[in-house]
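We begin at the ligand and then move on to a helix pair and some backbone details.

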Amino acid sequence: MKALQYTAVGEEPQVVEVPTPEPGPGEVRVRVTAAGACHSDSFVMGLDAEQYKLFGYPLPMTLGHEGAGVVDKLGAGAAGFDVGDAVAIYGPQGCGQCYQCAQGKENYCPKAAALGIVPPGLGRDGTMAEYVTVPSPRHLVPLEGLDPVANVALTDAGLTPYHAIKGSLPKLVPGSSAVVIGAGGLGHVAIQLLRALSPATVIALDIAQPKLDLAKDVGAHHAFLSDDSAADAVRAVVGAGGATAVFDFVAFQPTIDLAQAVTGPEGDVVLVGVGGGQARVGVLAAPYDSTIRAPYWGSRSELFEVLDLARAGTIHVETETFSLDDAPEAYRRLHDGTLRGRAVIVP
Ligand code: NAD
Ligand code: ZN
């Protein structure tokens with residue numbers, strides 16, 4: 001079968017021919033109908049050899065941690081789905097046995113790392129291929145009528161902001177405000193989620209005008225360039241009280257500093273991007289009684305909730321589609337910041 005693989009540190013990903021995987025005991029093989037391209041893949045491919053060692057992902061590795069498809073073959077003992085069922089793949093994977101996993105929070109399984117359990121495309125072969133195997137039917141969520149291409153990105157670009165925003169919802173009361181830094185794949189869904197789930201005034205910041213246009217198109221009340229004037233622009237909207245919550249989908253030092261500069265007392269600074277910056281804590285170093293969170297992906301039940309929002313027509317993903325052969329171009333466009341929404345590979 002064809003697969004898009006990261007073959008060597010520093011190389012562009014390549015379309016290669018690899019054996020079609022056989023599902024082992026308990027596993028399920030999925031024929032991939034859609035796979036989303038996330039900036040986290042770009043992040044991984046941007047690491048130098050020393051940094052890459054810290055992650056220890058074996059190479060070559062098929063990329064892709066957002067996936068949807070059709071159940072193709074059940075390994076021995078795997079049950080609960082029939083061949084032909086249309087499914088989304090829940091990417092975070094835990095041991096399935098611990099307290100966090102019992103709650104569906106496989107994204108926070110404390111045992112996964114020690115057990116060598118890793119998500120598709122982030123340690124083992126991912127979804128940018130004609131077929132992918134998942135370790136358990138537990139990682140499949142029925143699409144129930146949702147178009148795989150239009151909705152595959154919800155498995156990460158929807159689930160991650162949903163989980164991030166849910167943690168701040170009790171504060172996003174009438175009169176509150178939410179700032180979204182980075183209106184890309186995750187950010188443009190975050191804007192819709194904020195509009196759907198809260199009465200907050202939503203302010204988007206990005207460095208590119210087309211992204212600001214997208215932000216307005218999907219519901220941001222205000223959209224400003226993320227430059228030296230951004231803090232004043234935000235303060236002019238939110239007033240002296242500061243922003244209630246800032247969701248930073250970039251999270252390198254300048255955006256974290258910006259987030260902390262505009263957040264009000266008791267506000268939330270939510271760092272989702274893997275930009276590598278660090279937030280300050282301490283009296284006078286951060287807004288009084290503010291909370292800093294750095295959430296990772298989301299829970300299984302939250303993926304059900306996100307898909308339900310899409311089924312209700314409340315959220316959607318702006319997608320640009322690419323064939324598997326053109327997948328390297330999708331990552332080039334992602335790297336250059338010229339995509340509108342999410343790049344989706346259709347094998
Ligand atoms: P993306 O490239 O689609 O979007 C990033 C957006 O940020 C772009 O619109 C870009 O123009 C904008 N941007 C860049 N620099 C900026 C700045 N200084 N100020 C404001 N905007 C700026 O990326 P994505 O796939 O949406 O991912 C966003 C981030 O989230 C990445 O760092 C990714 O690795 C991370 N991520 C984290 C998790 C998690 O679980 N924590 C999950 C998925 C992705
Ligand atoms: Zn991702």
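Let's start with Trp297: one of its backbone N or O atoms lies 2.7 Å from an oxygen atom of ligand 1. Please keep in mind while you look around that this is a predicted model. The protein covers 89% of the 860 Å² of accessible area that ligand 1 has on its own.

At Gly185, a polar backbone atom sits 2.8 Å from an oxygen atom of ligand 1. Lys211 uses its side chain instead, with a polar atom 3.5 Å from an oxygen atom of ligand 1.

## The shell around the ligand

Which elements give two or more residues to the shell around ligand 1? They are helix 1 (39–45), helix 7 (185–197) and strand 10 (201–206).

In total, 28 residues surround ligand 1, and the closest are His39, Asp206, Ser226, Trp297 and Arg342. Sorted by class, the shell contains 15 nonpolar, 9 polar and 4 charged residues.

Now turn to helix 6 (residues 159–166) and helix 11 (residues 300–311), which pack at an angle of about 105° with their axes 10 Å apart. Angles of 65 to 115 degrees count as roughly perpendicular, so helix 6 and helix 11 are roughly perpendicular to each other.

Most residues other than glycine have a negative phi, and most peptide bonds are trans. With that in mind, two spots deserve a look.

What kind of peptide bond joins Leu59 and Pro60? This one is cis, with omega about 0°. You will find Pro60 in the loop between helix 2 (49–55) and strand 4 (61–62).

The other spot is Ala251, which has a positive phi of about 60° although it is not a glycine. Ala251 belongs to the loop between strand 12 (243–248) and helix 10 (253–262).

Key
Residues numbered from 1 in each chain as written. Chains lettered and ligands numbered in written order. Predicted model: local features only at pLDDT ≥ 70, side-chain atom pairs only at ≥ 80, totals over all residues. Heavy atoms only, no water. Near = heavy atom within 4 Å. Polar contact = N/O pair within 3.5 Å; in protein donor to acceptor, adjacent residues only side chain to side chain. Areas by Shrake-Rupley, 256 points an atom, 1.4 Å probe, with all protein chains shown as cover. Helix = DSSP H or I, 4+ residues; strand = E, 2+ residues; numbered from the N terminus. Nonpolar A, V, L, I, M, F, W, Y, C, P; charged D, E, K, R; others polar. Axes fitted to C-alpha atoms, helices over the stretch in contact; angles between N-to-C directions. Parallel < 35°, antiparallel > 145°, perpendicular 65-115°, else oblique.
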